[in-house]
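Here's a walk through a fold, one piece at a time. Have the picture open while you read.

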Amino acid sequence: MPIGIHVSISGSIDKAVDRAKELGCTTFQIFTRNPRGWKFSDLKEEDTKNFRKKLASSDLVSPLDHMPYLPNLATPEGQIYKQSVHILTAELKRSAALGIPYVVAHVGSHKGKGIAYGIKRVTDACNMALKEADNNSMILLEITAGTKNSVGSTFEHLRQIIDGIRANSRVGVCFDTCHAFAAGYDISRKEGVQRTIKLLDEIIGLERVNAVHANDSKGPLGSGLDRHEHIGLGYIGEKGFRELFSHKHFKDLPMVLETPIDGRRDDVGNIKKLKQICS
Ligand SMILES: [Zn+2]
Ligand SMILES: [Zn+2]
(Lines give C-alpha, C1' and ligand atoms only; values in the text may rest on other atoms or scores of the structure.)
(Ligands and ions follow the chains in the order given, each with its own letter.)
Protein backbone atom coordinates (compact mmCIF):
# COMPACT_ATOMS: atom_id res chain seq x y z
CA MET A 1 0.00 0.00 0.00
CA PRO A 2 1.66 3.27 -1.11
CA ILE A 3 1.70 5.67 1.84
CA GLY A 4 3.02 9.22 1.85
CA ILE A 5 2.67 12.81 2.82
CA HIS A 6 2.32 16.23 1.25
CA VAL A 7 5.92 17.44 0.83
CA SER A 8 7.38 20.87 0.11
CA ILE A 9 9.03 21.79 -3.22
CA SER A 10 11.11 24.48 -1.52
CA GLY A 11 14.49 25.01 -3.23
CA SER A 12 13.57 23.25 -6.45
CA ILE A 13 10.74 20.92 -7.33
CA ASP A 14 12.95 17.79 -7.55
CA LYS A 15 13.80 18.22 -3.85
CA ALA A 16 10.25 17.05 -3.10
CA VAL A 17 11.30 13.57 -4.20
CA ASP A 18 14.29 13.64 -1.82
CA ARG A 19 12.03 14.75 1.04
CA ALA A 20 9.49 11.99 0.37
CA LYS A 21 12.29 9.40 0.35
CA GLU A 22 13.83 10.73 3.57
CA LEU A 23 10.46 10.45 5.32
CA GLY A 24 10.11 6.82 4.27
CA CYS A 25 7.19 7.46 1.89
CA THR A 26 6.16 5.19 -0.98
CA THR A 27 4.01 7.93 -2.55
CA PHE A 28 3.65 11.69 -2.00
CA GLN A 29 1.78 14.85 -2.93
CA ILE A 30 3.03 18.31 -3.95
CA PHE A 31 1.90 21.73 -5.04
CA THR A 32 3.87 22.43 -8.23
CA ARG A 33 4.15 26.13 -7.20
CA ASN A 34 3.18 28.50 -4.40
CA PRO A 35 -0.40 27.44 -3.56
CA ARG A 36 -1.40 30.82 -2.12
CA GLY A 37 -1.21 32.99 -5.23
CA TRP A 38 -2.81 33.29 -8.65
CA LYS A 39 0.50 33.93 -10.39
CA PHE A 40 3.03 31.25 -11.15
CA SER A 41 6.05 30.80 -13.35
CA ASP A 42 6.83 27.99 -15.77
CA LEU A 43 8.63 24.93 -14.48
CA LYS A 44 12.35 25.08 -15.19
CA GLU A 45 13.38 22.46 -17.69
CA GLU A 46 16.32 21.28 -15.63
CA ASP A 47 14.21 20.93 -12.46
CA THR A 48 11.57 18.99 -14.37
CA LYS A 49 14.22 16.66 -15.76
CA ASN A 50 15.71 16.13 -12.30
CA PHE A 51 12.29 15.49 -10.80
CA ARG A 52 11.53 12.81 -13.37
CA LYS A 53 14.96 11.24 -13.00
CA LYS A 54 14.74 11.08 -9.21
CA LEU A 55 11.19 9.76 -9.34
CA ALA A 56 12.11 7.04 -11.84
CA SER A 57 15.03 5.81 -9.74
CA SER A 58 12.95 5.75 -6.52
CA ASP A 59 10.38 3.34 -5.10
CA LEU A 60 7.77 6.13 -5.07
CA VAL A 61 4.59 5.43 -7.03
CA SER A 62 1.51 7.40 -8.16
CA PRO A 63 2.38 10.86 -6.82
CA LEU A 64 -0.35 13.50 -6.64
CA ASP A 65 -0.33 17.13 -7.77
CA HIS A 66 -2.73 19.17 -5.63
CA MET A 67 -4.38 22.25 -7.13
CA PRO A 68 -3.49 25.58 -5.49
CA TYR A 69 -5.91 27.09 -2.94
CA LEU A 70 -7.39 30.10 -4.77
CA PRO A 71 -9.12 28.57 -7.81
CA ASN A 72 -12.85 27.87 -7.46
CA LEU A 73 -14.20 25.75 -10.31
CA ALA A 74 -17.82 26.30 -9.22
CA THR A 75 -17.75 30.08 -8.79
CA PRO A 76 -20.34 32.33 -10.46
CA GLU A 77 -17.74 35.14 -10.69
CA GLY A 78 -16.56 35.37 -14.30
CA GLN A 79 -12.99 36.52 -13.84
CA ILE A 80 -12.24 34.07 -11.02
CA TYR A 81 -13.81 31.25 -13.03
CA LYS A 82 -11.64 32.04 -16.05
CA GLN A 83 -8.51 32.11 -13.93
CA SER A 84 -9.53 28.88 -12.20
CA VAL A 85 -9.94 27.05 -15.51
CA HIS A 86 -6.59 28.45 -16.63
CA ILE A 87 -4.90 27.12 -13.50
CA LEU A 88 -6.53 23.69 -13.78
CA THR A 89 -5.31 23.52 -17.39
CA ALA A 90 -1.83 24.57 -16.31
CA GLU A 91 -1.69 21.95 -13.55
CA LEU A 92 -2.72 19.21 -15.99
CA LYS A 93 0.16 20.27 -18.24
CA ARG A 94 2.64 20.64 -15.39
CA SER A 95 1.79 17.25 -13.92
CA ALA A 96 2.24 15.61 -17.32
CA ALA A 97 5.64 17.27 -17.70
CA LEU A 98 6.64 15.99 -14.26
CA GLY A 99 5.37 12.46 -14.83
CA ILE A 100 2.64 12.84 -12.18
CA PRO A 101 -0.54 10.98 -13.17
CA TYR A 102 -3.11 12.83 -11.02
CA VAL A 103 -4.22 16.40 -10.34
CA VAL A 104 -6.35 16.59 -7.20
CA ALA A 105 -8.97 19.34 -7.44
CA HIS A 106 -11.33 20.73 -4.83
CA VAL A 107 -14.76 20.92 -6.40
CA GLY A 108 -15.44 24.42 -5.11
CA SER A 109 -18.22 26.69 -3.87
CA HIS A 110 -21.26 27.88 -5.80
CA LYS A 111 -21.51 30.91 -3.50
CA GLY A 112 -25.26 30.62 -3.06
CA LYS A 113 -26.19 29.86 -6.67
CA GLY A 114 -27.24 26.29 -5.85
CA ILE A 115 -25.85 22.79 -6.30
CA ALA A 116 -27.11 22.27 -9.86
CA TYR A 117 -25.45 25.52 -10.95
CA GLY A 118 -22.21 24.55 -9.21
CA ILE A 119 -22.14 21.08 -10.74
CA LYS A 120 -22.63 22.50 -14.24
CA ARG A 121 -19.90 25.06 -13.63
CA VAL A 122 -17.36 22.46 -12.45
CA THR A 123 -18.25 20.09 -15.28
CA ASP A 124 -17.71 22.83 -17.88
CA ALA A 125 -14.43 23.81 -16.24
CA CYS A 126 -13.14 20.23 -16.36
CA ASN A 127 -14.21 19.84 -19.99
CA MET A 128 -12.39 23.01 -21.03
CA ALA A 129 -9.22 22.14 -19.11
CA LEU A 130 -9.09 18.53 -20.30
CA LYS A 131 -9.54 19.64 -23.91
CA GLU A 132 -6.85 22.30 -23.68
CA ALA A 133 -4.39 20.04 -21.84
CA ASP A 134 -4.51 17.16 -24.26
CA ASN A 135 -2.37 14.62 -22.39
CA ASN A 136 -2.81 11.65 -20.05
CA SER A 137 -3.08 13.53 -16.76
CA MET A 138 -6.25 12.87 -14.81
CA ILE A 139 -8.38 15.15 -12.67
CA LEU A 140 -9.27 13.62 -9.32
CA LEU A 141 -12.31 15.36 -7.84
CA GLU A 142 -11.84 15.53 -4.08
CA ILE A 143 -14.88 14.90 -1.92
CA THR A 144 -15.55 18.02 0.15
CA ALA A 145 -16.50 18.33 3.82
CA GLY A 146 -19.94 19.80 3.18
CA THR A 147 -19.14 23.36 4.22
CA LYS A 148 -21.88 25.87 3.31
CA ASN A 149 -22.33 26.29 -0.49
CA SER A 150 -19.73 23.64 -1.29
CA VAL A 151 -20.23 21.33 -4.24
CA GLY A 152 -18.90 17.76 -4.12
CA SER A 153 -19.79 16.70 -0.58
CA THR A 154 -21.93 13.75 -1.71
CA PHE A 155 -21.17 10.83 -4.00
CA GLU A 156 -24.17 11.94 -6.09
CA HIS A 157 -22.61 15.36 -6.80
CA LEU A 158 -19.39 13.70 -7.93
CA ARG A 159 -21.33 11.24 -10.10
CA GLN A 160 -23.16 14.08 -11.85
CA ILE A 161 -19.91 15.89 -12.61
CA ILE A 162 -18.28 12.71 -13.93
CA ASP A 163 -21.31 12.06 -16.15
CA GLY A 164 -20.89 15.44 -17.80
CA ILE A 165 -17.20 15.06 -18.59
CA ARG A 166 -16.44 14.14 -22.18
CA ALA A 167 -12.90 12.82 -21.64
CA ASN A 168 -14.43 10.38 -19.19
CA SER A 169 -11.36 8.19 -18.75
CA ARG A 170 -9.45 11.21 -17.42
CA VAL A 171 -11.59 11.85 -14.36
CA GLY A 172 -11.57 10.05 -11.03
CA VAL A 173 -12.10 10.71 -7.33
CA CYS A 174 -9.84 11.44 -4.39
CA PHE A 175 -11.46 10.08 -1.23
CA ASP A 176 -10.53 12.34 1.68
CA THR A 177 -11.45 10.46 4.85
CA CYS A 178 -11.86 13.61 6.97
CA HIS A 179 -14.05 15.32 4.38
CA ALA A 180 -16.21 12.23 3.81
CA PHE A 181 -16.76 11.84 7.57
CA ALA A 182 -17.51 15.55 8.05
CA ALA A 183 -19.94 15.32 5.12
CA GLY A 184 -21.85 12.57 6.94
CA TYR A 185 -20.35 9.24 5.82
CA ASP A 186 -19.72 7.34 9.05
CA ILE A 187 -16.42 5.57 8.49
CA SER A 188 -15.69 5.31 12.21
CA ARG A 189 -17.65 2.05 12.61
CA LYS A 190 -17.69 -1.27 10.77
CA GLU A 191 -21.30 -1.01 9.53
CA GLY A 192 -20.74 2.59 8.46
CA VAL A 193 -17.60 1.65 6.54
CA GLN A 194 -19.42 -1.18 4.77
CA ARG A 195 -22.31 1.11 3.92
CA THR A 196 -20.01 3.88 2.68
CA ILE A 197 -18.03 1.50 0.46
CA LYS A 198 -21.26 0.08 -0.92
CA LEU A 199 -22.57 3.55 -1.77
CA LEU A 200 -19.21 4.57 -3.20
CA ASP A 201 -19.28 1.55 -5.46
CA GLU A 202 -22.93 1.90 -6.49
CA ILE A 203 -22.89 5.64 -7.13
CA ILE A 204 -19.35 6.35 -8.29
CA GLY A 205 -17.81 2.94 -8.93
CA LEU A 206 -14.76 1.87 -6.92
CA GLU A 207 -12.64 1.80 -10.07
CA ARG A 208 -13.04 5.61 -10.20
CA VAL A 209 -11.56 6.07 -6.74
CA ASN A 210 -7.88 6.56 -7.58
CA ALA A 211 -6.41 8.13 -4.46
CA VAL A 212 -7.00 8.69 -0.75
CA HIS A 213 -6.28 11.61 1.54
CA ALA A 214 -5.87 9.91 4.88
CA ASN A 215 -6.81 12.39 7.58
CA ASP A 216 -8.64 11.94 10.85
CA SER A 217 -11.33 14.48 11.68
CA LYS A 218 -11.43 17.14 14.41
CA GLY A 219 -15.12 17.67 13.70
CA PRO A 220 -17.84 15.12 14.51
CA LEU A 221 -19.85 13.15 11.93
CA GLY A 222 -21.75 15.41 9.55
CA SER A 223 -20.29 18.58 11.07
CA GLY A 224 -19.24 20.02 7.70
CA LEU A 225 -15.93 21.00 9.30
CA ASP A 226 -12.79 20.62 7.20
CA ARG A 227 -10.35 20.22 10.07
CA HIS A 228 -7.72 17.48 9.84
CA GLU A 229 -6.52 15.53 12.87
CA HIS A 230 -3.69 13.02 13.48
CA ILE A 231 -4.53 9.48 12.40
CA GLY A 232 -6.45 7.74 15.17
CA LEU A 233 -6.76 10.80 17.41
CA GLY A 234 -9.92 12.23 15.86
CA TYR A 235 -13.54 11.18 15.50
CA ILE A 236 -12.77 8.53 12.86
CA GLY A 237 -10.32 6.72 15.11
CA GLU A 238 -7.95 3.84 14.52
CA LYS A 239 -10.78 1.33 14.27
CA GLY A 240 -12.41 3.24 11.44
CA PHE A 241 -9.19 3.48 9.43
CA ARG A 242 -8.43 -0.20 9.99
CA GLU A 243 -11.91 -1.17 8.76
CA LEU A 244 -11.75 1.10 5.72
CA PHE A 245 -8.23 0.29 4.61
CA SER A 246 -8.65 -3.46 5.01
CA HIS A 247 -11.00 -3.33 2.03
CA LYS A 248 -9.26 -4.79 -1.00
CA HIS A 249 -9.88 -1.77 -3.23
CA PHE A 250 -7.93 0.52 -0.93
CA LYS A 251 -4.88 -1.71 -0.83
CA ASP A 252 -3.24 -0.38 -4.01
CA LEU A 253 -4.29 3.25 -3.83
CA PRO A 254 -1.86 6.06 -3.08
CA MET A 255 -2.65 7.31 0.44
CA VAL A 256 -1.47 10.77 1.28
CA LEU A 257 -1.55 12.28 4.75
CA GLU A 258 -2.43 15.95 5.20
CA THR A 259 -2.23 15.79 8.97
CA PRO A 260 -1.01 18.52 11.34
CA ILE A 261 2.44 18.78 12.88
CA ASP A 262 2.37 19.65 16.57
CA GLY A 263 3.55 18.53 19.99
CA ARG A 264 1.56 15.32 19.78
CA ARG A 265 2.95 14.01 16.52
CA ASP A 266 4.82 14.88 13.31
CA ASP A 267 4.75 13.54 9.72
CA VAL A 268 6.98 10.56 10.46
CA GLY A 269 4.74 9.67 13.40
CA ASN A 270 1.60 9.74 11.24
CA ILE A 271 3.23 7.70 8.46
CA LYS A 272 4.28 5.14 11.06
CA LYS A 273 0.80 5.05 12.55
CA LEU A 274 -0.87 4.61 9.17
CA LYS A 275 1.56 1.84 8.16
CA GLN A 276 0.86 0.09 11.43
CA ILE A 277 -2.91 0.34 10.89
CA CYS A 278 -2.64 -0.91 7.31
CA SER A 279 -0.32 -3.82 8.02
ZN1 LIG B 1 -7.57 16.40 1.12
ZN1 LIG C 1 -9.34 19.13 4.11
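Strand β1 (residues 3–6) pairs with β10 in the parallel sense, over three bridges. Strands here are DSSP E runs of at least two residues, helices are H or I runs of at least four, and both are numbered from the N terminus. Two strands pair if DSSP finds at least two bridges between them. Within this pairing, I5 sits opposite L257 of β10. Keep in mind that this is a predicted model, where local features need pLDDT of at least 70 and side-chain atom pairs count only at pLDDT 80 or more, while totals for chains, interfaces and linings use all residues. Residues are numbered from 1 along each chain as its sequence is written, and chains are lettered from A and ligands numbered from 1 in the order in which they are written.

β1 also runs parallel to β2, joined to that strand by three bridges. Here G4 has T27 as its bridge partner in β2. Right-handed means that, with the strands pointing away from the viewer, the path from the first strand over the helix to the second runs clockwise.

## Closing the barrel

What do the strands build? Eight of them form a closed barrel in the order β1-β2-β3-β4-β5-β6-β7-β10, with parallel pairing. From one strand to the next, the twist averages 30 degrees. Angles like this run from 0 to 180 degrees between N-to-C directions, with axes fitted as lines to C-alpha atoms, for helices over the stretch in contact. As a general point, strands of a sheet pair through backbone hydrogen bonds, either parallel or antiparallel.

Moving on, strand β2 (residues 27–30) and strand β3 (residues 64–66) share two bridges in the parallel sense, and I30 stands opposite D65 of β3. Helix α3 (residues 78–98) lies across β3 and β4 (102–106), at about 155 degrees to β4.

Is strand β6 (residues 171–176) mostly covered or mostly open? Mostly covered: six of its six residues are buried. Buried means 20 or more other C-beta atoms within 10 Å of the residue's own, exposed means 12 or fewer, and partly exposed is in between, with C-beta atoms placed from the backbone. V171, V173 and F175 point one way, while G172, C174 and D176 point the other.

On one side, strand β5 (residues 138–142) pairs with β6 in parallel over four bridges, with L140 partnered to G172. β5, helix α5 (residues 155–163) and β6 make a right-handed β-α-β unit. β6 is also joined by four bridges to strand β7 (residues 209–214), again in parallel, and C174 stands opposite A211 there.

## The nonpolar core

A nonpolar core is a set of buried Ala, Val, Leu, Ile, Met, Phe, Trp, Tyr and Cys residues joined through C-beta atoms within 7 Å. The largest one has 78 residues, and A105, L140 and L141 touch the most other members. Leaving out residues up to four places away in sequence, A105 touches M67, L73, L88, I139, L140, L141 and E142. Touching, or contact, means that the C-beta atoms, placed from the backbone, lie within 7 Å.

## Out in the loops

Now for a few loop residues. K111 lies between β4 and α4 (115–132), and its phi is near 55 degrees, a positive value in a residue other than glycine. K111 counts as partly exposed because it has 16 C-beta neighbours inside 10 Å. N149, in the loop between β5 and α5, has a positive phi too, near 70 degrees. N149 is partly exposed, with 14 other C-beta atoms within 10 Å.

H249 is found in the loop between α8 (237–245) and β10 (255–257). Not counting residues up to four places away in sequence, H249 touches L206 and V209.

## The whole chain

Stepping back, the chain has nine helices and 10 strands. Of its 279 residues, 47% are buried. Among contacts between residues at least 6 apart in sequence, 74% join residues at least 24 apart.

Technical notes. Two residues are in contact if their C-beta atoms, placed from the backbone, lie within 7 Å.
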